[in-house]
Amino acid sequence: MNVIESCKNENAILIAFGGGSVLDIVKYCASKMDKAYITVPSTLSNDAIYSCVSRLIFEGKKTSYGVQPPMGIIVDLEVIRKSPQILILAGVADLVSNLSAIKDWLLAYKMIGEPINELAFMLAKEAAIPMFSYKKDNIYEDKFLLDLTNGLITSGLSMIVSGDTRGTSGAEHLISHAIDEYFPEKSGIHGIQVGWAHLLIEKQYRSDKNDFLRLESLYKNIGLSDLFQGNIPFSDDDLKELIPYGIKMRNRYTILNLIQ
């Protein structure tokens with residue numbers, strides 16, 4: 001609120017420099033003031049750099065708010081290279097989870113007739129595909145960082161086109177949000193939680209085992225699998241206990257609705 005009060009009468013452009021939480025705060029403030037803003041991420045941990053959603057803590061709980069997109073994005077690869085590896089890999093997991101979200105979108109179309117925005121669907125899908133060609137040794141190379149940056153921006157564009165997060169947030173995000181909401185003492189990095197849930201949902205509840213094997217291979221090759229044990233205080237068996245909480249998070253039809 002201090003930012004809003006100090007800037008609301010100024011003819012200003014806001015600049016958001018930092019990680020996802022900082023970007024989300026500035027996005028929210030800029031939208032409340034109807035002012036333009038530019039994002040300058042210090043890491044690529046999620047699609048906050050160009051999404052139309054801010055996740056902020058309100059009254060002790062993380063809450064989603066619709067916001068306007070930035071007028072521009074500046075990504076300095078030298079700054080990104082200095083960010084912790086776990087945050088870059090969290091960005092990979094968040095981006096690749098689009099492939100889970102669009103499966104849920106197709107499921108909702110089949111089961112309840114929810115319409116699909118074909119452009120948003122295509123953007124969400126194509127944003128994630130380049131990640132499968134990389135390994136852990138590549139993650140500080142220019143080509144990888146550019147593909148991750150472009151993927152996260154394209155993922156954000158998918159949300160803007162559809163007017164919601166349908167193509168980028170499915171069952172895996174509901175599980176992550178449920179952890180934040182109901183088990184805050186165990187809450188961790190968003191992308192890591194999303195990646196863990198995505199992998200287990202593919203393994204335990206989706207029918208295409210080739211997709212699971214492909215995802216498992218990516219996680220192993222790029223180093224994500226090694227991060228789950230030390231950063232996810234839940235066992236694989238705990239996922240089923242989290243599902244009822246995930247369903248409560250949003251009025252969104254996903255594969256979780258078939259598991260109850």
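Modeller: Isoleucine 38 stands opposite glycine 72 in strand 5. This is a predicted model, in which local features need pLDDT of at least 70, side-chain atom pairs count only at pLDDT 80 or more, and totals for chains, interfaces and linings use all residues. Residues are numbered from 1 along each chain as its sequence is written, and side-chain values use heavy atoms, with hydrogens and water left out.

Colleague: What joins strand 2 to strand 5?

Modeller: Two bridges join them, and the two strands run parallel. Strands pair if DSSP finds at least two bridges between them. Strands here are DSSP runs of E with at least two residues, helices are runs of H or I with at least four, and both are numbered from the N terminus.

Colleague: What makes strand 1 and strand 5 edge strands?

Modeller: The open sheet has three strands in the order 1-2-5, with parallel pairing. Strand 1 (14–18) and strand 5 (72–73) each pair on one side only. Helix 2 lies across strand 1 and strand 2, at about 165° to strand 1.

Colleague: Why are helix 8 and helix 9 called oblique to each other?

Modeller: Helix 8 (residues 171–182) and helix 9 (residues 190–204) pack at an angle of about 130°, with axes 8 Å apart. Axes are lines fitted to C-alpha atoms, for helices over the stretch in contact, and angles run from 0 to 180 degrees between N-to-C directions. Under 35 degrees counts as roughly parallel, over 145 as roughly antiparallel, 65 to 115 as roughly perpendicular, and the rest as oblique. The pair is therefore oblique. Residues in contact (heavy atoms within 4.5 Å) include Ile175 and Ile179 in helix 8 and Val194 and Trp196 in helix 9. The residues of this contact divide into seven nonpolar, six polar and two charged. Nonpolar covers Ala, Val, Leu, Ile, Met, Phe, Trp, Tyr, Cys and Pro; charged covers Asp, Glu, Lys and Arg; the others, Gly among them, are polar.

Colleague: How do you know that helix 5 is roughly antiparallel to helix 6?

Modeller: The axes of helix 5 (residues 98–112) and helix 6 (residues 118–128) come within 8 Å and cross at roughly 150°. Helix 5 and helix 6 are therefore roughly antiparallel. Their contact has nine nonpolar residues, one polar and one charged.

Colleague: What is the orientation of helix 4 to helix 10?

Modeller: The axes of helix 4 (residues 85–96) and helix 10 (residues 209–222) cross at roughly 170° and come within 11 Å. That makes helix 4 roughly antiparallel to helix 10. Leu89, Val92, Ala93 and Val96 of helix 4 make the contact with Leu215, Leu218, Tyr219 and Ile222 of helix 10. By class, the contact has eight nonpolar, no polar and no charged residues.

Colleague: Is isoleucine 232 buried or exposed?

Modeller: Isoleucine 232 has 7% relative accessibility and counts as buried. Buried means under 20% relative accessible area, exposed over 50%, and partly exposed in between (1.4 Å probe, protein chains only). Isoleucine 232 lies in the loop between helix 11 (225–231) and helix 12 (239–249). Not counting residues up to four places away in sequence, isoleucine 232 touches Ile192, Gln193 and Trp196.

Colleague: And is aspartate 34 buried or exposed?

Modeller: Aspartate 34 is exposed, with a relative accessible area of 64%. Aspartate 34 lies in the loop between helix 2 (20–33) and strand 2 (37–41). Its phi is positive, about 55°, although aspartate 34 is not a glycine.
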